[in-house]
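Please examine the structure shown below with some care. The paragraphs that follow lead through it step by step.

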Amino acid sequence: MKRKRVNIRMPGLGGQGAVTAAHIIATAADYQGYYAVSNPFFGAEKRMAPAESYARIGVEPIFDRGEVVYPDVIMVFHNHVITMGKSYTMPFYSGIKKNGLIIINSEEDLLSPGDKAYLDSLGVKVYNFPATKFAVEQAGTELATNMAMVGALFGCIGSVGLEAIEEGIKARFLKKFVASGGTASLDSALERKFKKKLELIEKNLNTARAAYELASSWAKSQGIEDFLPPPPNKKVEVA
Amino acid sequence: MSNVSTQEVQYNKSGQRIVSPDYLLFEAPREKFFMTGSEAVKEAVRRASVDASVSYPITPQSEAAHLIGELWVEGYVGVYFRGESEFGVMSEVAGCALAGARTITTTSGPGTLRAFENFPMWAGTRIPVQLVLMARGVNAPLSIQPDNLEVGFLLDTGCMIWYAENAQDLFDMILAGFVVAEHPSVHVPVITVVDGFFVSHTREAIMLPPDDIALPPYNPYKAPMPVIDLEAPPGRFLRDPFVMKSNYISYATHASWQFEVRAAIERSRPFAKHYLRGLVEEFGNPDADIVFVAAGTAASQAKEAVRLLKDEEGIDAKVVKLKTIRPFPYDELRAAVKNAKYIFVPEFNVAGWLEREVRKALYKYSDAEIIGAPRVAGGMTMPAEVIVSEVLSNLRVK
């Protein structure tokens, strides 16, 4: 089913990088030529407390802001969202639209028969994807969980390709900045940091890529088409 | 004869080429960036030849204040320091401005309230300070989330109040704000409002002119009031020598001066109209008889509702987005609603201050039913679906 807009809600726990993921998703979609907006939930989040962020992607300019109350896609970053109700909405899938998609970072099936029956009645597909385990395998750190989730998202809903995802990740970690001092020591310190940064980016990119491929073949097996029509704008270099 | 330009190229203190406000806002080529509203504040200040900024952290404006500090490190802002409280900040920026500096600061919610005494003081002192207000709920119970009740409190402080809808509006308004506020026939403060989080923390596409050009610096010697001169005693620290006396001359001075401040806001209209490309903006079918009058994020949500109403119900509607609240765009609003049968005023506060403004402006000018809804507060989102259901339930009753 083609939509004009995909609204994505990302419940997780503070520290998991759901906010970073939202920004990368929107930046990647923008690079691909879609209209895109992202924002975090507006609270005093802290580690392990419920946190939520949102991204909106579409083929028309997007005015809508704030919480996504009626999502097309829900990305559950932590099993506590479901098992312990660490979510801003109860149940976590409240408001999900027909033919929507839920990606859950879990190896186990966490949904009750009641949940499943309801989601089935709406034609919602559920993808259990162990993103944290996957991140540890691919990048050697669970910190890359959000990268795995970003890759899995676009693998499932299509529309935004690997090149754009890479641009989104680079835009997040390679921000331009002005070093006004210009002393040798400062430069070398920056260089060392930079090398570390490049390694980090490479690991993140690999994780996202691998997750993308995996999710993409799952989506094919489920007969899921691209969520959006082709982008309305040409790819634009984001400065 | 070759065409020899006699115009000298001038640079500001940061080494940026000085260009006219019209060139910076309308003519310079723009490039696309993807950033948050807070980052848009930084990019506007970078191009604004700002002399001074004072900051104090409060959610959700902390990031914007912090980013202005980064600009100071990069050499784009003359003076930057942290005040001891919001009251301190708003007093200190007044000092900077009285001394002839182009000055900007930011605050939110409880910070606005704590600093409040200073806003009418700014206006009465006729300083063209710019405050970027990232609106947030005011207590209690505590909310750190978007809610613009505080804007209702500010309406009669004598400051101009402009309302930006998104990061692009905010960038353009900050630059235009200095130009209009500093105009010798205006010369009052401007408060540039956005909804906290909905704009400050939202990342979106924005078109920016190059960063090696900037606004002409503020020239305090064109101001209608003298700047502080510490070298010619007695230093002129106060602009109100009459107030120490209780007599009719001091009362009349106060009253006439207060009227003059409001008159100055009225005189800003043609300049604001030019630099903001109009005081209102319309979206949707211009002939629709269902009209949303809104500012900021409420206008964004209403635009989504206009689309939903058309796509799902086949109903035509339009949005009249107000870009300025002070001065209030009376003529523009009256013209925009002349076909209206229903006027909805969606708002992010419990009081409905914009509904009051709209009712006042349209009294005896419109027969439309004015409905102050939907209204959400305390951080709630206003989904377009909620606006649509509000419209449908009103139409069904009739």
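The centres of domain 1 of chain B and domain 2 of chain B, taken over C-alpha atoms, are separated by 27 Å. Domain 1 covers residues 17-221 of chain B and domain 2 covers residues 282-397; such bounds come from an automatic or database domain assignment. The model is a predicted one, in which local features need pLDDT of at least 70 and side-chain atom pairs count only at pLDDT 80 or more, while totals for chains, interfaces and linings use all residues. Residues are numbered from 1 along each chain as its sequence is written, and chains are lettered from A and ligands numbered from 1 in the order in which they are written.

Where the two domains of chain B meet, domain 1 contributes 21 residues to the contact and domain 2 contributes 19 residues; two residues are in contact if their C-beta atoms, placed from the backbone, lie within 7 Å. On the side of domain 1 of chain B that touches domain 2 of chain B, helix 7 (149-154), strand 7 (160-163) and strand 8 (190-195) of chain B each supply at least two residues. Here helices (H or I, at least four residues) and strands (E, at least two) are DSSP runs, numbered from the N terminus. Strand 7 of chain B provides the largest share of this side, four residues. Sorted by class, this side of domain 1 of chain B has twelve nonpolar, six polar and three charged residues. In this scheme Ala, Val, Leu, Ile, Met, Phe, Trp, Tyr, Cys and Pro count as nonpolar, Asp, Glu, Lys and Arg as charged, and the others, Gly among them, as polar.

Attention now turns to the sheet. Seven strands of chain B form an open sheet in the order 4-3-5-6-8-7-14, with mixed pairing; two strands pair if DSSP finds at least two bridges between them. Strand 4 (79-82) and strand 14 (324-326) of chain B each have a single partner strand and stand at the edges, so one side of each is left without a neighbour in the sheet. Strand 8 of chain B runs parallel to strand 6 (residues 130-135) of chain B, to which six bridges join it. Strand 8 of chain B also pairs with strand 7 of chain B in the parallel sense, over four bridges. B:Val190 in strand 8 stands opposite B:Gln130 and is the bridge partner of B:Met160.

Is strand 8 of chain B covered on one face or on both faces? Both are covered: B:Val190, B:Thr192 and B:Val194 on one side, and B:Ile191, B:Val193 and B:Asp195 on the other, are all buried. A residue is buried if 20 or more other C-beta atoms, placed from the backbone, lie within 10 Å of its own. In a regular strand the side chains alternate between the two faces of the sheet. Helix 8 (residues 167-181) of chain B packs on the sheet and touches strand 6, strand 7 and strand 8 of chain B.

Two helices of chain B also pack together. The axes of helix 2 (residues 37-46) of chain B and helix 3 (residues 62-74) of chain B come within 8 Å and cross at roughly 35°. Axes are lines fitted to C-alpha atoms, for helices over the stretch in contact, and angles run from 0 to 180 degrees between N-to-C directions. The contact between helix 2 and helix 3 of chain B has six nonpolar, one polar and five charged residues.

Note on methods. A residue is buried if 20 or more other C-beta atoms lie within 10 Å of its own, exposed if 12 or fewer, and partly exposed in between; C-beta atoms are placed from the backbone.
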